[in-house]
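Here's a quick briefing to read alongside the model. Have the sequence and the 3D view open as you go.

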Amino acid sequence: MTKTYNNQAVQTFEVGLAIEQFLIAPFGQTFTPEVVDPGSPPSGFYFMGPVVEDSPSVVITREKYTLDTGLPRSRAYEEILGVSATISFRLYSNSFYQAQFALGNVSTITTITTIASGAVQTQYYGLSQITNYALLGVADFTNGYQVVHDFPKVSPSGDFTEEFRQAAPEMPFSFNAMSVPTTVNGCLQPVLGKRHFIATGATC
């Protein structure tokens, strides 16, 4: 007899370690679900750089309307009033290239470049400009599986904190997901993003 404290219900493919990395593209760039190689990104996407290991977070929130009836009161009805999603992470970087995405100062995305000695690249705080991007979060698990967080439309959130300390420089990123009309089960619905689970090793 299998005892619950042996935790045998957990299958081997459910156990693995992963670090999520991020790729960015101009808004409007499409992504076809497939295994993603950050070293050779899908067309139109660019690798954002090395991530601080425990920093990635994807938070999905659904605001519910609830109706309780009767005595004693019991839940009779629920309806979704609103949905939101926030993607946050930190990169090991102090680069002007990454900063422009965190601040939303650029809409044209090109490959990572360096600047010549003595040259100046300026980013701006407090602009009213809102820039939208497409964002992929790619997590490879040690057991051979991959999870891809697919957000077709995001914009930098309103907060940006930059701190330079004795440790390696870290740059914070926070994006708010915007809804995109998507057909789900034959019905057009506003969708913030998708989570793709890709079996690259064993069979689920």
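A contact here means heavy atoms within 4.5 Å. By that rule, F175 touches I24, A85, T86, I87, F89, F101, Y133, L135, V154, S155, P156 and S157, leaving aside residues up to four places away in sequence. Before going further: this is a predicted model, so local features need pLDDT of at least 70 and side-chain atom pairs count only at pLDDT 80 or more, while totals for chains, interfaces and linings use all residues. Residues are numbered from 1 along each chain as its sequence is written, and side-chain values use heavy atoms, with hydrogens and water left out.

**Nonpolar cores**

- A nonpolar core is a set of buried Ala, Val, Leu, Ile, Met, Phe, Trp, Tyr and Cys residues joined through side-chain atoms within 4.5 Å; buried means under 20% relative accessible area, exposed over 50%, and partly exposed in between (1.4 Å probe, protein chains only).
- The largest core has 22 residues, and the members that touch the most others are M48, I87, F89, L135, V154, F173 and F175.
- Two or more residues each come from β1, β4, α1, β5, β6 and β7; these labels are DSSP runs numbered from the N terminus, helices being H or I with at least four residues and strands being E with at least two.
- Helix α1 gives this core its largest share, 5 residues.
- There's also a second, separate core of 10 residues, with L23, F31, L136 and I198 among them.
- As background, nonpolar side chains in soluble globular proteins tend to be buried together.

**Helix α1**

- Is α1 (residues 96-103) mostly covered or mostly open? Mostly covered: 8 of its 8 residues are buried.
- That list runs F96, Y97, Q98, A99, Q100, F101, A102 and L103.
- The cover over them includes strands β1 (18-26), β2 (46-47), β4 (74-92), β5 (133-141), β6 (145-156) and β7 (170-177).

**Salt bridges**

- The whole structure has 4 salt bridges, each counted when a side-chain nitrogen of Lys or Arg is within 4 Å of a carboxyl oxygen of Asp or Glu.
- R75 pairs with D68, their closest N and O atoms being 2.5 Å apart, and R75 also meets E78 at 3.0 Å, N to O.
- R75 is partly exposed at 47% relative accessible area, as are D68 at 33% and E78 at 36%.
- E170 and R90 form another salt bridge at 2.9 Å, N to O. E170 sits in strand β7 and R90 in strand β4, so this pair ties together parts 80 residues apart in sequence.
- Relative accessibility is 23% for E170, which counts as partly exposed, and R90 is partly exposed too, at 26%.
- Through shared partners, salt bridges link K64, D68, R75 and E78 into one network.

**Surface patch**

- Patches take residues with over 30% relative accessible area and no salt bridge, joining like charges within 9 Å and nonpolar side chains (Val, Leu, Ile, Met, Phe, Trp, Tyr) within 5 Å.
- Y65, L67, Y77 and L81 make a nonpolar one, with about 380 Å² of accessible area together (Shrake-Rupley method, 1.4 Å probe; for residues, only the protein chains shown count as cover).
- The elements that give two or more residues to this patch are β3 (57-69) and β4.
- L81 lies in strand β4 and counts as exposed, at 56% relative accessibility.
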